There are 2 protein chains.
Amino acid sequence: MALVTAGFAVSADGFTAGPGQSLDKPFGAGPVSELTRWMFQTPDENKAEMDALVQADAYIMGRNMFSPGRGEWDLSWRGWWGEEPPYHGPVFVLTHHERDDLPMDGGTTFHFVTGGVEEAMSRAAEAAGDGRVDIAGGAATVNQFLAAGLVDELTLSITPVVLGEGERLFAGVPPLKLEQISSRAASLVTHITYRVVR
Amino acid sequence: MALVTAGFAVSADGFTAGPGQSLDKPFGAGPVSELTRWMFQTPDENKAEMDALVQADAYIMGRNMFSPGRGEWDLSWRGWWGEEPPYHGPVFVLTHHERDDLPMDGGTTFHFVTGGVEEAMSRAAEAAGDGRVDIAGGAATVNQFLAAGLVDELTLSITPVVLGEGERLFAGVPPLKLEQISSRAASLVTHITYRVVR
């Protein structure tokens, strides 16, 4: 059985992005540069956590993480990552609009799933085998999987900023018992990994 | 000038208590025992953080942290802590209802402040001198002081539970830049202290 993980940079008040995300502002408005400053300014300190984001065997992401567009597909949009995305494996994109598989350079293939979280998880788990499925984001997507009881481990990279509004991790998620399985402080962030207790 | 601090146990989703707080359930409903389990099961590991909660030179707390009552005072209520509260110093209680000072054993005196956050801070800072004023709680109270720009350092003791609803730390607080000044993992909790950047 595949291990299902998710990892997010969050503000101290629990947001993964500010309000008003757009093509120009993928993290929305407000002091959102703090969410990723640790990645850009201190990559050596945080290599393990950054690597973990792109070393799974299969990925699931929401439509909004793949594309700034909504509604019918603009087929010229091939993701935010250029011709060689960092995933190097299958990525299942949740959407209400069908689209053919999109193979990219370096082994990444985007698969577009219209059957909801269960179909996405079923296909990703089959692709991952005994490996790892990572719910890549965004917050609304991981919240669906958390609410459905489909996440095994969750890493919060807690960053030193209060955003006040935006995309809230855990919105709509019912009470869950967690187990803190690791916690590590770096200079600009604290990484805590929880196991979801069932 | 006094240093103004606040320290809270919070759930992974940012609540300091569940919904429906009452005399019988001071932390409200839900799996709220996780918020304080580290204090009861691993006190030796967390002595510094627990001591910090009761070693300030003056304290401010909300009416609801002092008393389960609302409206006019029941003068027989002398706090949750028995005749010798752990504060051993002046405690300024925010309220809309006047009440005479209430000296207790061991040096704690409860002062009831009807002039709002500024009056409470002014009196607590005067009492603390060059020492420390701690905003003891609850969340609604510290949120008022955070929103007013009156907090210097904030410690979050992040506990392994998702509550889903309740008293939310940072509710109504506008965007703030923070600096992570310490972060420490214990087995059941992670303590992060932030400085508020002005």
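Which residue just after α5(B) takes a positive phi? I looked it up: B:G149 does, at about 70 degrees.

**Ground rules.** I am working from a predicted model, in which local features need pLDDT of at least 70 and side-chain atom pairs count only at pLDDT 80 or more, while totals for chains, interfaces and linings use all residues. Residues are numbered from 1 along each chain as its sequence is written, chains are lettered from A and ligands numbered from 1 in the order in which they are written, and side-chain values use heavy atoms, with hydrogens and water left out.

**Helix α5(B).** I took helices as DSSP runs of H or I with at least four residues, and strands as E runs of at least two, numbered from the N terminus. Helix α5 of chain B covers residues 139-147. I checked burial there (buried is under 20% relative accessible area, 1.4 Å probe, protein chains only). The buried residues include B:A139, B:T141, B:V142, B:N143, B:F145 and B:L146.

**Interface.** I counted contacts (heavy atoms within 4.5 Å) and found 31 residues of chain B touching 31 residues of chain A. I then looked up the buried area, meaning the accessible area (1.4 Å probe) that two parts lose on being put together, summed over both. The two chains bury about 2200 Å² between them, with 60% of it on carbon and sulfur atoms. B:P160, B:V162 and B:Q180 supply 24% of the area that chain B buries against chain A, more than any other three residues.

I searched this interface for salt bridges (a side-chain nitrogen of Lys or Arg within 4 Å of a carboxyl oxygen of Asp or Glu) and got zero. On the side of chain B that touches chain A, the elements giving two or more residues are β8 (153-159), β9 (161-162), β11 (176-185) and β12 (190-196) of chain B. Of these, β11(B) gives the most, with seven residues.

**Strands across the chains.** I required at least two DSSP bridges for two strands to pair. Strand β9 of chain A (residues 161-162) pairs with β11(B) in the antiparallel sense over two bridges. In β11(B), B:K177 is the bridge partner of A:V161.

I traced an open sheet of 10 strands with mixed pairing, in the order β5(A)-β6(A)-β4(A)-β3(A)-β7(A)-β1(A)-β8(A)-β12(A)-β11(A)-β9(B).

A:L3 stands opposite A:R132 in β7(A).

Conventions:
Buried means under 20% relative accessible area, exposed over 50%, partly exposed in between (1.4 Å probe, protein chains only).
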